[in-house]
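Look at the model below, then read on.

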Amino acid sequence: MIAVDKLCYRSKLRYVNAGEKFTYSMLTLLFCIVSRSFVLSGAVLMVNTTLTVGKGGIPLRRYISLMAVPSAFLILSTLAIIVNISKIPLDGYALPVGTFFITGSKASVLFGLRLIVTALAAVSCLYFLSLNTTMTDIMSVLGGLRCPKIVLELMLLIYRYIFVLMETASAMLVSQKARLGNKDLKTSLRSFGRMGSGLLIRAFQRSGTLYDAMESRCYDGRIRVLEEQHPAKPSEIALIISYELVLLAYTVWRGVA
Amino acid sequence: MSKKEKILLKASIAFALLFAVTPAVNAMHIMEGYLPPSYCVTWGVICIPFLAAGFISLKKRLEENRKSITLIAMAGAFIFVISSLKIPSVTGSCSHMTGTGLGAILFGPSAVSILGIIVLLFQAVLLAHGGLTTLGANTFSMAVAGPLLSFGIYKICSRLKVNRKVSVFLAACLGDIFTYCVTSIQLALAYPSESGGVAASAVKFLGVFAPTQLPLAVIEGILTVVIVIGLESYARPELKAIGFLKEAK
């Protein structure tokens with residue numbers, strides 16, 4: 001149902017220590033957006049693709065289609081950055097429309113391109129984390145970072161119930177489709193709305209049952225879960241540290257130069 | 001046709017095609033890595049008071065009635081699911097609801113701020129809608145600003161005795177439009193235009209996203225009304241339990 005969640009359970013890097021993967025992707029992400037350079041972002045993009053596809057065993061085609069998810073936002077907002085409407089033509093390009101120009105400077109076009117590469121590299125960092133780490137592992141990392149207990153508990157319950165509700169919703173949508181519930185815009189709007197209210201009613205009912213079930217298993221305000229332990233390997237830590245140091249050195253060098 | 005006209009024609013065809021083939025129109029989450037670090041931090045810091053308020057009210061609610069944890073969790077899961085499903089749209093491109101307007105009307109804006117940041121985190125990790133560095137900015141526009149406005153409009157309308165359907169529609173629709181405006185302004189502040197500064201840039205971002213976001217807001221409004229009607233006819237006791245139907249007792 002959720003492609004990323006399915007794929008991450010199949011990843012070969014799933015049992016690598018979650019803290020390592022989290023630290024790696026966060027630091028790399030940070031260097032990407034701080035340095036915002038073609039070279040660093042390109043390198044990060046390549047390394048992450050190799051890690052996720054090569055080491056993790058995520059199919060390349062799936063990876064590429066996942067990378068295209070934010071493309072609509074990327075294209076539209078970059079267009080908004082590099083296209084100007086002004087009376088004075090700028091040095092990059094200029095298309096006259098009546099008395100105005102659709103125009104942009106060379107610097108801004110370069111800036112836009114750099115932004116696209118940076119954003120793609122950043123998305124690849126996000127995917128490295130989400131395609132190789134299960135959500136429960138990410139939550140235990142967040143727990144280690146002192147995320148409030150109530151929030152973590154809510155996350156755990158929400159994560160579990162996303163799938164239950166999704167299954168319910170898709171069953172409802174299928175049965176609506178089978179009864180021509182989507183024959184035109186009006187009926188499909190009505191069907192979707194009814195599915196929504198039906199879903200929420202079911203969710204309310206389930207929440208009561210869920211609480212009873214939890215209480216009968218001695219729920220006292222805290223959900224205790226056993227975690228699998230996958231200790232970090234020193235060689236992997238060394239590799240991550242040296243990689244991040246290279247990124248840091250490049251970022252600092254570029255900042256100075 | 002002159003050469004310039006040809007270029008213009010080609011450009012306009014390309015522009016039209018872009019809208020025809022947009023793979024997925026989300027509720028305008030700012031994507032991962034799109035904001036400079038200083039803006040990521042600033043928006044995150046701005047969210048903290050709202051999140052703290054949400055956290056305190058959540059804690060109070062749980063102390064009053066521990067049973068409400070499952071209800072709140074279900075609400076969060078519901079918001080995620082409803083925002084991840086394709087909704088019927090006019091243009092044929094696939095788009096998604098935000099669901100936060102509905103959440104704000106039903107559960108109040110303080111609960112939605114915490115639920116919103118959790119849902120946004122899940123959306124970023126599981127669906128790549130939005131991102132981890134842009135979590136602060138997205139939380140502000142989608143889990144704080146939009147729901148607050150929706151809730152305000154809903155309250156004002158019910159004070160003024162406006163028809164409930166109309167007030168729900170206005171709350172959801174305007175909340176959506178407000179979210180889209182806030183996101184455009186966030187982008188404009190980070191990327192001011194070369195000719196005209198922040199204001200011109202805001203107009204550009206608003207313009208670029210208007211064709212997808214405005215119909216979406218209307219559809220979101222209609223769907224929220226249909227959902228609320230459905231709830232009112234089949235789930236009165238539950239609605240009373242969460243305090244939505246207090247006055248109708």
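## The sheet in chain A

A:Ser86 has A:Phe101 in strand 3 of chain A as its bridge partner. This is a predicted model: local features need pLDDT of at least 70, side-chain atom pairs count only at pLDDT 80 or more, and totals for chains, interfaces and linings use all residues. Residues are numbered from 1 along each chain as its sequence is written, chains are lettered from A and ligands numbered from 1 in the order in which they are written, and side-chain values use heavy atoms, with hydrogens and water left out. Helices (H or I, at least four residues) and strands (E, at least two) are DSSP runs, numbered from the N terminus. Two strands pair if DSSP finds at least two bridges between them.

The sheet is open, with three strands in the order 1-3-2 and antiparallel pairing. Its edge strands are strand 1 (84-86) and strand 2 (93-97) of chain A, each pairing on one side only. From one strand to the next, the twist averages 30°. For such angles, axes are lines fitted to C-alpha atoms, for helices over the stretch in contact, and angles run from 0 to 180 degrees between N-to-C directions.

Strands of a sheet pair through backbone hydrogen bonds, either parallel or antiparallel. Strand 1 and strand 3 (residues 100-104) of chain A pair in the antiparallel sense over three bridges. Here A:Asn84 stands opposite A:Thr103.

Strand 2 and strand 3 of chain A are also antiparallel, over five bridges. A:Tyr93 has A:Gly104 as its bridge partner in strand 3. A:Pro96 stands opposite A:Phe101.

## The interface between chains A and B

Contact means heavy atoms within 4.5 Å. On that basis, 81 residues of chain B touch 87 residues of chain A. The two chains bury about 7100 Å² between them, 83% of it on carbon and sulfur atoms. Buried area is the accessible area (1.4 Å probe) that two parts lose on being put together, summed over both.

How many salt bridges are there between chain B and chain A? The count is one. B:Lys67 pairs with A:Asp212, and the closest N and O atoms are 3.9 Å apart. A salt bridge is a side-chain nitrogen of Lys or Arg within 4 Å of a carboxyl oxygen of Asp or Glu. Several elements of chain B each supply at least two residues of the side that touches chain A, among them helix 1 (3-21), helix 2 (37-64) and helix 8 (197-234). The largest share, 13 residues, comes from helix 3 of chain B.

UniProt annotates "transmembrane region" (unreviewed entry) at residues 21-43, 63-86, 107-130 and 150-174 of chain A. UniProt positions are given in the numbering used here, feature names are shortened, and annotations may be inferred rather than shown by experiment. Residues 63-86 of chain A are 71% helix and 12% strand, with end C-alpha atoms 40 Å apart. Residues 107-130 of chain A are 100% helix and 0% strand, with end C-alpha atoms 34 Å apart.

For chain B, the UniProt entry (unreviewed) gives the feature at residues 37-56, 105-128, 168-192 and 212-231. Residues 37-56 of chain B are 100% helix and 0% strand, and their end C-alpha atoms lie 29 Å apart. Residues 105-128 of chain B are 92% helix and 0% strand, with end C-alpha atoms 27 Å apart.

## A:Tyr250

A:Tyr250 is found in helix 10 (residues 234-256) of chain A. Leaving aside neighbours within four places in sequence, A:Tyr250 is in contact with A:Ser37, A:Val39 and A:Leu40.
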